[in-house]
Amino acid sequence: MQTGDGLFKAIETFSIGDEVLAAGVDLNWSAKPVVFSSGTTVASLQRFTVLVVYQNTAIAVTSDHLFLLENRTLKRADRLAPTDVLVSPQGEAVPITSVHVGDYYAGFHHIATSLDSPGQDLDGRLLNTNGVISADYVVQLRARSEDVTAFSAAEDLPVIGSPEYTAQYGESSRQAPQLPQGFNEPKVIVDPRGYNAPDLEPNSFVPAATIALRVPDDACSFISKEEAARKAQDPKRAFSDPAAREWSEALVHLHRAWYPDITYHVDWTDEDVNAYAWVENGVRHVALKGGLIRHTKLETEAIALVLAHEIGHHYGGNPTFPSGLSCEGQADYYGVRDAMRRVWFGFQYITVTDAAIAQMANFFSVPNVPTAPGGSAGCGHPPGACRIATYHAAVRLSGKPACAA
């Protein structure tokens, strides 16, 4: 970041009162005082980071970071395309070499030169960020809800890493970047074992393709592959939506406290509308896939029920698959009767479980009633109406319905 006297220093070293060079869309630069400065430490994992490679360098930013384009409009980082052209502080074109999405292990910082709404010319609100121009943090916040002429909303453009983006620009955005020769920061982690290592170095970038999880073919799933394929066409939350991702990760932390013998995975980048449980080399695993997490009919409570179901595969007991994991109906029953009652204590259990069952009835497109249909699916996935009846029976402690046997 360029300081008021024309020198450069790391953005996280700016304090309120320091001067920074700032300009408007006319690129008339002058010193402005910093009125806001805040950020994370150097040891935090930033999900859905966008890494932009250009000229002989690169910059890692949050998904809603605003860059100035050559045409003097602003564009969110998560909508940038490899065909876009940024602009230098001198007004020269800076073509983007490539754009990538992944996790970044480092500190992220925000500064602003004013807390007021930006003017239409963005005077004093544009900054020199590593040789290209970005808007300050308050413009970034205001642009979400206010009409700023110089801001190109681009909300209808595909989000980097999403299936729509991949269809238009290829798989490269999810893969490791080709950094300029001699440029060694960030350190790109392409070995998944390195990503899980506790000594992950600061300024490490983990491409989305590296984060992707391999699930064994014989893993138990929350819904059948056929049903997951049908639900793949259902409405989903945006690929860049932080809420669903964060509540899923929070739920994983909560369930890990009660079931620490399981290794949990949140595979946000995968479009599969499913969740899985399996044992590999003696290690128990549970995975939530991005397509399920982002499904608009499922919220925090339903995802908690999904986790409870997958935990039920591990600890639900008989009847079981040949692998030793509990059958689907038993996982449903144990998950709501035991796992959810253990994790959600007292009145929380009823509040969370009732909401979860209602969301699941909506997900399966069946009435939310405790009446069990006839027949039995054996060890496989019972029909939706049976699963809802099983959840209700588990809450009442009335015994598992025959359809779930």
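The following exercises, each with a worked solution, concern a predicted model.

Residues are numbered from 1 along each chain as its sequence is written, and side-chain values use heavy atoms, with hydrogens and water left out. Local features need pLDDT of at least 70, side-chain atom pairs count only at pLDDT 80 or more, and totals for chains, interfaces and linings use all residues.

**Exercise 1.** Determine the strand order of the open sheet of 4 strands, and identify the strands at its edges.

*Solution.* Begin with the elements themselves, which are DSSP runs numbered from the N terminus (helices H or I, at least four residues; strands E, at least two). Strands count as paired if DSSP finds at least two bridges between them, and the order that results is β15-β17-β18-β16, with mixed pairing. β15 (220-221) and β16 (262-267) each have a single partner strand and stand at the edges, so one side of each is left without a neighbour in the sheet. Next, take the pairing of β15 with β17 (residues 275-280), which is antiparallel over 2 bridges; Cys220 has Ala277 in β17 as its bridge partner.

**Exercise 2.** Find which strands helix α6 and helix α8 lie across.

*Solution.* Contact here means heavy atoms within 4.5 Å, while angles run from 0 to 180 degrees between N-to-C directions of axes fitted to C-alpha atoms, for helices over the stretch in contact. Helix α6 (residues 242-258) lies across β16 and β18 (283-289), and runs at about 180° to β16. Helix α8 (residues 300-315) lies across β15, β16, β17 and β18, running at about 155° to β18.

**Exercise 3.** Describe the packing of α9 against α11.

*Solution.* First the geometry: the axes of α9 (residues 328-343) and α11 (residues 384-396) come within 9 Å and cross at roughly 35°. Then the residues: Gly329, Asp332, Tyr333, Val336, Arg337 and Arg341 in α9 meet Arg387, Thr390, Tyr391, Ala393, Ala394 and Val395 in α11.

**Exercise 4.** Identify the residues that touch the most other members of the largest nonpolar core, and list contacts of Phe222.

*Solution.* A nonpolar core is a set of buried Ala, Val, Leu, Ile, Met, Phe, Trp, Tyr and Cys residues joined through side-chain atoms within 4.5 Å, where buried means under 20% relative accessible area (1.4 Å probe, protein chains only). Of the 70 residues in the largest core, Phe222 and Met360 touch the most other members. Leaving aside neighbours within four places in sequence, the contacts of Phe222 include Leu305, Met360, Phe363, Arg387 and Tyr391.

Technical notes. Buried means under 20% relative accessible area, exposed over 50%, partly exposed in between (1.4 Å probe, protein chains only).
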